[in-house]
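Please open the structure in your viewer and keep the selection tool at hand.

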Amino acid sequence: MNKPFFPPKAPFNEDQKSWLAGFMAGLKASAEMQGTTAVSAGSQVKAHELNILFGTQTGNAELLAEDTAELAQKAGFATVITALDDVEMDDLATMENVVVVVSTYGEGEMPDNAELFWDAMSSSVAPRLENVNYGILALGDTGYEDFCQAGKLIDTRMEQLGAKRILPRIDCDVDYDDIAIAWVEELLPAIAQELNVQQPDATLTAAPKAGNRKREKWNKKNPYRSQLLENKRLSGPSSAKEIRHFSLSLPADAISYEAGDALGVVPLNKQGLVDAFLQHFDADGDDTADGFEASLEEVLKSQLEIVTPNREFISELSARIKHDELNHVVSNADKETMDAFLWKQDTLDLLRLSPSMPFGIDEFLKLMKPLQHRAYSISSSPKAHVDEVHLTVAAVRWSHLNRQHNGVCSTYLSDDAEIGQVVPVFVSQNKGFRPPQDANAPMIMIGPGTGVAPFRAFLEERREIGASGKNWLFFGDQHRAHDFAYEEEISMMSKSGLLNRLDLAFSRDQKEKIYVQSRMLENGKELFSWLEDGGYFYVCGDATRMARDVDDALHEVIAINGEMSEEDAAEYVTGLKRQKRYLRDVY
């Protein structure tokens, strides 16, 4: 039998080539028994299809699903990548091998494109899955109480329905790249073994990593060195908020984006806060930190999250100091009580709860998590602003215990990054949040506050391509005189006819508070008419309250103006989601 051909630059050593040769021999034998053929590494053998299903809010799980598919293809599997909401339960029951890559959104919730899938899977009429081999790759953030909850729920339910778990679920924190790929590399031989495909004992350990692919040349570990071009305050001097517009260089031949994507910004911690930590520990910033190559000052400034206290630190601090309130909230493990206690307090505030020194600085550093990028919805179309990208950001500042506190990235951009200075960035694709492909389709956009950002991009995009579809924007904030972001631009869009409808809701300009959902209900008849005409409904902004209130209002608009029951209105909304006409970018 001829050996599989491996290109000279194939990323495998001799042992791995030997493993793949044995694996492919088994695939070939199995395929020939079923009338199919496997002739080389990477050939697609229908009998050994791997279905990779993803649920994502920001696009990370989708990109990881693509990485998983690339590794699986190099191991000889035919791969099919599908969003979870596009999977019917009866189809799932026929799948032989399944990998689910799913993130957790909000407080333990399913991401938007996995809601319908979970509703069907968790129902009492879900089919049995005895013929399915599966693995779950869950993404989450240990800063949240319900870490990787979506992955845990799907894992448990698949087991309940009789599916066979090939490898224990992996729960990945925000730095997931290496551990996720290592898990996939362990999973593929395990699936091959389950299929009784002949293979030696060697393990696939050096398949290409995600960062090697051109589409991810610039990422959080290797950000593009953009330059800050503009920093302009949008909110008025009397506003309770500080909303800013930033423009950064982004040459199209080096890094590209689309309207709807987000920009990851890699920040630095405030120098004043770094100095306060060094003073607290009576440490010299020039000393080398234990376990780090850089100096203490550099580690605190650019490598660790030192503003928001993480749960491991809180738990360890509680075990080492006597502080009745902290000890109470930790021992009771009550989320609401913990959130109330932590309100306005940062990591340094908690360290100062004890007059004694509960940690040495090296112990403290080991409890801190890596400094993470911040993702912002892009507020420009690349067609309208060549070689630039725009952001609309609320600078977060607050005073507590006679000390100024600052949001990490928002004030890094606002205060510390000077015009012309390098700002490390990368693009996070959000394929599930795009303007309608149909240039004639109506577009309804709900974007209060900084939630207007992607809709500025959408409108610019539609203007540049000459789209004929109608556009309707709902915008709101506190006061029109101080908080109308992009007022001049939006007014011009209305006058030019690009915006067919503009409804404003400034909550504090009258005695009764008016919000965007209030305007939706007031204009429910026309809003429903736009939906009936094939309109797309978009929401961007706060997930905790606004997005839920808007969702409630949408159901009410449909029920009243479509003369439907609550159940029928809910089914109508479900239909919008299935048709990808109800899309959200919420945080």
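**Aromatic pairs**

The count comes to 19 aromatic pairs, where rings of Phe, Tyr and Trp (its six-membered ring) pair if their centres lie within 6.5 Å, and planes under 30 degrees apart count as stacked, over 60 as edge-to-face and the rest as tilted. Select F313 and F364: the ring centres are 5.9 Å apart and the planes stand at 85°, so this pair is edge-to-face. F313 belongs to helix 9 (residues 311-320) and F364 to helix 13 (residues 361-367), so that the pair links distant parts of the chain, 51 residues apart. Helices (H or I, at least four residues) and strands (E, at least two) are DSSP runs, numbered from the N terminus.

This is a predicted model, in which local features need pLDDT of at least 70, side-chain atom pairs count only at pLDDT 80 or more, and totals for chains, interfaces and linings use all residues. Residues are numbered from 1 along each chain as its sequence is written, and side-chain values use heavy atoms, with hydrogens and water left out.

Are F313 and F364 buried or exposed? F313 is buried, with a relative accessible area of 0%, and F364 is buried, also with a value of 0%. Buried means under 20% relative accessible area, exposed over 50%, and partly exposed in between (1.4 Å probe, protein chains only).

Next, select F433 and F455, an aromatic pair that is tilted, with 6.1 Å from centre to centre and 45° between the planes. F433 lies in the loop between strand 14 (422-428) and strand 15 (443-446), and F455 lies in helix 15 (residues 453-465), so the pair ties together parts that are 22 residues apart in sequence. F433 and F455 are both buried.

Finally, colour F277, F281, F313, F359 and F364, which form one aromatic cluster.

**The second largest pocket**

Return to F433, which is among the residues closest to the centre of the second largest pocket, together with K431, G432, K580 and L583. The lining has 39 residues, and the space in this pocket is about 1000 Å³. On a 1 Å grid over the protein atoms alone, a cavity is a set of points where a 1.4 Å probe fits but cannot get out, and a pocket is an open set with protein on both sides within 12 Å along at least five of seven lines; lining residues have an atom within 4 Å of a point. Grid points are joined across faces, edges and corners, and a volume is the space filled by probe spheres set on the points.

Helix 15, strand 18 (536-541), helix 20 (546-561) and strand 19 (582-586) each give two or more residues to this lining.

**The cavities**

The structure holds two cavities of 30 Å³ or more. The largest cavity has a volume of about 50 Å³; select V452, F455, R456, L459, L473, Y486, E489, I490 and M493 to show its lining.

**Confidence**

Colour the model by pLDDT, the predictor's confidence in each residue, from 0 to 100. The mean pLDDT is 90, and 89% of residues reach 70 or more. Over residues 1-12, pLDDT stays under 50, and over residues 27-47 pLDDT also stays under 50.

Key: Contact means heavy atoms within 4.5 Å.
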